[in-house]
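Visitor: I have a structure open and would like to learn how to read it. Please take me through a few features, one by one.

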Amino acid sequence: MNKCLRLILCLSVLLPLLTGCWDRRELNELGIMLGLGVDKDGDMVRVSAQVVVPNEVSSKSGGGQGTPVTQYQASADTLFEAIQKLTETSPRRIFMAHIRILVFGEEYARKVGIYDVMEALMREPSARPDYYVMVARNTTASKVLDVLTPLDNIPAEKLFSSLDVSFKTWSPTTAITGDELLNHILTPGIQPAITGIEIVGDTKKSGSKDNISSISTPAKLNTTGLSVFRQDKLIGWLTEDESKGYNYIRDNVVSTVSHLPCRNSGEVTFKALRTKTKREAKVVNGLPIVNVSLKNVSSIGAVECDIHIGSMKTIRELERDSEEKLVELMQESVDSVRRKFHVDIFGFGQELYHADPKLFKTMEKDWDKHFENLDIRYKANVQIKRVGTLDDSFKGEMKE
């Protein structure tokens, strides 16, 4: 009797532990998808999956005989039907847990809208929401995912890494993840803005190994400006300066390089070391006012004019000129978005909601119209902390 009890107790402890592999998937049965492209195909959704070729990226097998990735495509009425339909051509089941980049074709983003795809991916438990989202400019997502790239031999990894580095070091670009994008679509008082990606060069060689067999790559992937959305549909693009202004206002600038014309002639180049922007809304006499305050700490990178960098007076003049330029950059970005797109991509509505929820509720349905007449006040504070290893430039001492 005691033996039976002990056996039952042991089984009751061990059996729950044996269920851990009920949904196991062997690696040799899976196709690891790193890049997902979504395009319009008539009335259907065309899905492009960039899948890793294990033998070509494995150090043990040697690799190098073919391309490191392959692309499978399928069209269906919905996203996941198309993904499941990929098995008609793929010998393996597509595994979505490692998606690094999601690319929407421009036509799809303009005519269909991105919400249904974003919701479907957020609902799918195997897809993590930390992938970056981009919009293919003047091309399709499938063509973007078809470009082989040097340095990173897996194009999806290149897109992810390039965007991650770019938005941290270059102010016209920004990175937005899947969960952040869906939040911008659903939250009142802000509309989405997504970095664009375009193909530059000879697209005929973009998908072959010839594209990475020379020093100068025939076809390149280039991040370009920000796309502007109304709810979930693409309505236009920002220029480089407008994208900079947007990122300064949204506090997306980590570090960047910019130039400023000297008061006589030539230019001074600045390296932004730290940038912090605060947006604060308040209500005065029943009307909303938004204050945008930017603090910037920079160093001087290059001097191409005849000024005395060692002089505190010169430093103060450069700081004031830089402040004026930053205020102008932010103001022109807002004015351009108001004039061309009539949507609040800056999140000023969110700031008003935090300041006065009752007032915002009365404006929420027509917030984009209120945004066009919103009183926005800009302020910039620039501090130049470093002038490099030199004081004054040697340019004036060069021999004629």
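This is a predicted model: local features need pLDDT of at least 70, side-chain atom pairs count only at pLDDT 80 or more; totals for chains, interfaces and linings use all residues.

Visitor: Is Tyr-132 buried or exposed?

Guide: Tyr-132 is buried, at a relative accessible area of 9%.

Visitor: How does one describe a pair of aromatic rings?

Guide: Two quantities are used, the distance of the centres and the angle of the planes. In the whole structure, a search finds 8 aromatic pairs. One of them joins Tyr-132 and Phe-160, with 4.5 Å from centre to centre and 15° between the planes, and this pair is stacked.

Visitor: Where in the chain do Tyr-132 and Phe-160 lie?

Guide: Tyr-132 is in strand S6 (residues 132-136) and Phe-160 is in helix H7 (residues 155-169). They are 28 residues apart, and the pair links distant parts of the chain.

Visitor: What kind of pair do Tyr-353 and Phe-360 form?

Guide: That pair is edge-to-face, with 75° between the planes and 5.9 Å centre to centre. As for accessibility, Tyr-353 is partly exposed at 38%, while Phe-360 is buried at 2%.

Visitor: Which residues do ring pairs link into a cluster?

Guide: The cluster consists of Tyr-246, Phe-346, Phe-348 and Phe-371, linked by ring pairs.

Visitor: Which charged ends sit over the rings of Phe-160 and Phe-371?

Guide: Over the ring of Phe-160 sits the charged end of Arg-100, 3.7 Å from the ring centre. Over the ring of Phe-371 sits the charged end of Arg-338, at 5.3 Å from the centre.

Visitor: Now to pockets. How is empty space found?

Guide: A probe the size of a water molecule is rolled over the atoms, and this shows where empty space is left. In this model the largest pocket has a volume of about 270 Å³. Its lining has 18 residues, and Tyr-248, Ser-258, His-259, Lys-325 and Leu-326 lie nearest the centre.

Visitor: Which elements supply at least two residues each to the lining of the largest pocket?

Guide: They are helix H9 (240-249), strand S10 (256-261), strand S11 (267-284), strand S12 (287-303) and helix H10 (312-340). The largest share, 5 residues, comes from S10. By class, the lining of the largest pocket divides into 8 nonpolar, 7 polar and 3 charged residues.

Visitor: What is the volume of the second largest pocket?

Guide: The second largest pocket has about 230 Å³. It is lined by 15 residues, with Gln-191, Glu-364, Lys-365, Trp-367 and Asp-368 nearest its centre. Helix H8 (178-186) and helix H13 (367-372) each supply at least two lining residues, and H13 gives the most, with 3. The lining of this second pocket has 4 nonpolar, 5 polar and 6 charged residues.

Visitor: What contact does the side chain of Thr-174 make?

Guide: Thr-174 sits in the loop between H7 and H8, and this residue is buried, at 6% relative accessible area. The Thr-174 side chain makes a polar contact of 3.5 Å with the side chain of Asn-252.

Visitor: How far apart are Ile-300 and Val-387 in sequence and in space?

Guide: They are 87 residues apart in sequence and 4.7 Å apart in space, C-alpha to C-alpha. Ile-300 belongs to strand S12 and counts as buried, at 6% relative accessibility. A second case is Asp-321 in helix H10, where Asp-321 and Val-382 are 61 residues apart in sequence and 9.3 Å apart in space, again C-alpha to C-alpha. Asp-321 is buried too, with a relative accessible area of 15%.

Conventions:
Residues are numbered from 1 along each chain as its sequence is written. Side-chain values use heavy atoms; hydrogens and water are left out. On a 1 Å grid over the protein atoms alone, a cavity is a set of points where a 1.4 Å probe fits but cannot get out, and a pocket is an open set with protein on both sides within 12 Å along at least five of seven lines; lining residues have an atom within 4 Å of a point. Grid points are joined across faces, edges and corners, and a volume is the space filled by probe spheres set on the points. Helices (H or I, at least four residues) and strands (E, at least two) are DSSP runs, numbered from the N terminus. Ala, Val, Leu, Ile, Met, Phe, Trp, Tyr, Cys and Pro count as nonpolar, Asp, Glu, Lys and Arg as charged, and the others, Gly among them, as polar. Rings of Phe, Tyr and Trp (its six-membered ring) pair if their centres lie within 6.5 Å; planes under 30 degrees apart count as stacked, over 60 as edge-to-face and the rest as tilted. Buried means under 20% relative accessible area, exposed over 50%, partly exposed in between (1.4 Å probe, protein chains only). A charge sits over a ring if NZ of Lys or CZ of Arg is within 6 Å of the ring centre and within 35 degrees of the ring normal. A polar contact is a pair of N or O atoms within 3.5 Å; within protein, one must be able to donate a hydrogen and the other to accept it, and residues adjacent in sequence count only if both atoms are side-chain atoms.
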